[in-house]
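Visitor: Hello, could you walk me through this structure?
Guide: Gladly; here it is.

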Amino acid sequence: MWWKVGLVLVMCSGLTSSEAREEHRDSSPRSMMLRVPVETLDFGFVPSVVYETHAYYEPGPIGVLFHVVHAFLYVVQPNPFPKDLIVKMVQQNMGGIKGNDYKKPENVVLFLQAIFYELGFIVLTVLGVIFVLFMPIVGLCFCVCRCCENCGGEMHQRQKKNGDCLRGFYMATLIATSVFLAVGVTVACAANQNITNQIKSTRHLVSTNIRDLKSFANYTPAQIDYLSAQYITAKNKVLSDLDNIGTLLGGQIHNHLEREVVPALDNALRMTAVKVEGAIKAMREAKEALESVTTSLEIMQEGTGRLQNSLQSERASLSNTLNDPACSNGDVTHTCNTIRGTLSQLALSANFHGLPDVEAPLASLDAVLKTDLSNIVQKGYSSFNDTPRLVSEQTKEIVSEVKGLLDKSGGEIIGFTKMFPLEPALENFTKFLTESQKNIEAYYPQIDQLDFYRWIGCVVFCCMVVLVLAFNFLGLLCGSCGYDKNATPTTRGCLSNTGGNLLMASVGFSFIFSWVLMGVVVTTFVVGGNIEKLVCEPLANRQIFKIIDTPYMVHPAKKNFLPGMLFQDPNIDLTIGSMYRDCYENNGLYSALQLETKFNFNKFLNATVYNPELTKIFNSVNVDLQGMFLLEQEGKDNLIDFANTGIGDIDYQAYLTEVNKGVTVVDLLSYANELEAQADQLPRGALENALKGHASSIRQIHKEKVVPMEQAMGTLSQSIKLLQKTSRELPIKVTNVLNAIEAVEYLIANNASHVVKQGTDKFIKNIVGYFSQYTEWVKHSLEMEIAQCKPISNIIDSLEIIACSFIVDSVNTFWFGLGGCCLLLIPSIIMSVKLGKFYRRMDTEDVYDE
């Protein structure tokens, strides 16, 4: 009784079929168990046990004989294992055969099929029985016949011309027969001794199997404790993520809002950043341009006065030079008149004194820039980047509740594994194993004694053959050594006569022992051969499991035998074959016995880990981003003021008109070069030198007065064009900036709920993913590592080794060798009788007259 209770408790410890958990299991949200890429948790390794039993047998040299016997049995019985026949016979005669049931057609058919399957055994058994029955009769008749001086009993030998050839043939045949008899009896003795030798190995197999069962029972509680204790690994990871929910969940939401909301949020954020920075840059550039315009305008106005004075002075001086009397001589007059006609070109072209100043727009822009718009924008983005802190603050209570539920679930798991009286059950189971081992060991002396009797009996049977062999070999030896071919049959020597008598003694013992030996052979052949074909072979290829696992095979009202015995529920789809396969692969007993049908620990675990309250708390996670502003009202007002600074009211065309005129009417360098060229056409003298001096003065004016003004004019032109461009784009740019910021703020405040929901779902799935890893790890461990049931398959394999390899194979080898000896006794008898005639001393002989 204890073996069954203890085994079931060991198999089922830590497992439950609690109906109260069914609703919780069904209500656990399957959407939360979606596979999401989460960090892989390390639950370590379940404490493992190394079993001692190696259920493998290599017979060694005698295995050759085993294979020969198997081949002989295959010749006798080549039909495959009759699984269907056995099933039909058992099912049709479940209640036993009563009255005339054996006459029913179906029973007759089954009986004929069984006879056909056993035909080889039947034929050989009949022949063996005939041998057993007729051999004593033949021996008795032979003795009576010889007493009547027939059948070779007459002590007279007729001389034949081929007598020596016949004697040699009979002797060679008897020697060969005796050798084969010796081989047969050697095979029988080897098989007999092999059984005795393997009995000792049986003790080792029994002890290792019991120790493995004890290890199986002792390690299972520690494995279950380790299984429940590893909940802390998943729990700690969940707590770590909850403690960092601001960084994890808030970071996810922030990243979604910044990068993944397509197209509105992502584009809006990027555009906003660019446009605000662009607006700030435009403000600064506009201020710099206005300042440049003011500076350049002052430079141009001051330079214009100095340049005008210098040009007037140079024009007056050149006019005085042209009034020199030398200009009135001949060809010189024309040149002087030409130069005199160009004096009006030495004048200013642009007038910068009439241009309006930009002091008012510059003052307005200075006022706008006193507000640090960049800092205001950074505050807005800081508010956006502070999403993790916002999430952390809004989920404080949820995190606290979840931690409490996790602690509660961990306590329930550990408490549940301690609910069953596992320790007392295992203690009783271990005691049962210890007592069983003691009881088995108590039978060892009796087993040894019975084996000794068996060994003596087999030796006696072998000695019968050995006795016949001894008489054969002694007869051959004495007859051969004492035979004198020159002696007549009546004058043969004592040694030769003794050899003949020994051979006749061999014949007598052969008749006495052969039928006894054949009776032993037939009995062991029928039993051992059928056990080999009907039990050992199907057990080796697991066909026998298919018979036992056939539905309604053991009991007409119980579908499956094994679950009906263990769980009193024969409808569970559990078979001995499937259990053996799982245990042979050293899987867990939870999987091998399909304990989830009765003790579903995974159902309890899912109901505990995926607590509905936990699901409700997770679903209540809500992050509110409505208080987030990217740009405060002060910044928006600053942008509007920037658009109203008056930059667009500046008369840019007036500036561009004066800038495009140039500083002077004519290029002074060209004018100086032309003047110098005309001076070179004059005769050498004071006039030529004076004109070249004026050309040099004009170049100096250009260098000192015109070049700075041209540079200032270029700067003024660039600034005016920049301001003009800015004035055109400014309203649009400010409007776009404000619209983009408002769109982003609206999106964050009102339309980002799906982003928050998406981030929250992902975070929750990560949390649930850790629990899923734990439950999957528990499921895998229960199926593969907890209570690994290799000892159970080892028991079956050990029984097969002991029953089939140790005993049945040896028994079959024994009758195979002994049966061969029985058959060889027939030619041995014949040859001994024939040969004894040539060795024994005759009473009379043939006499020939010369």
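Guide: A charge sits over a ring if NZ of Lys or CZ of Arg is within 6 Å of the ring centre and within 35 degrees of the ring normal. The model is predicted, so local features need pLDDT of at least 70 and side-chain atom pairs count only at pLDDT 80 or more, while totals for chains, interfaces and linings use all residues. Residues are numbered from 1 along each chain as its sequence is written, and side-chain values use heavy atoms, with hydrogens and water left out.

Visitor: Over the ring of which residue does the charged end of Lys790 sit?
Guide: The charged end of Lys790 is 4.1 Å from the centre of the ring in question. That ring belongs to Tyr584.

Visitor: And over the face of which residue does Arg203 lie?
Guide: Here the distance to the ring centre is 4.7 Å. The ring under Arg203 is that of Tyr444.

Visitor: How many disulfides does a search of the whole structure find?
Guide: A disulfide is counted when a pair of cysteine sulfur atoms lies within 2.5 Å. One joins Cys536 to Cys804, with 2.1 Å from S to S, and another joins Cys583 to Cys789, at 2.2 Å. The search of the whole structure finds 2.

Visitor: What is the handedness of the disulfide of Cys536 and Cys804?
Guide: We can read it from the torsion about the S-S bond. That torsion is about -95°, so the disulfide is left-handed.

Visitor: How many residues apart are Cys536 and Cys804?
Guide: Helices are DSSP runs (H or I, at least four residues), numbered from the N terminus. Cys536 is in helix H18 (residues 494-540), and Cys804 is in helix H30 (residues 790-839). The pair links distant parts of the chain, and the separation is 268 residues.

Visitor: Are Cys583 and Cys789 buried or exposed?
Guide: Buried means under 20% relative accessible area, exposed means over 50%, and partly exposed is in between, using a 1.4 Å probe and protein chains only. By that rule, both Cys583 and Cys789 are buried.

Note on methods. Helix = DSSP H or I, 4+ residues; strand = E, 2+ residues; numbered from the N terminus.
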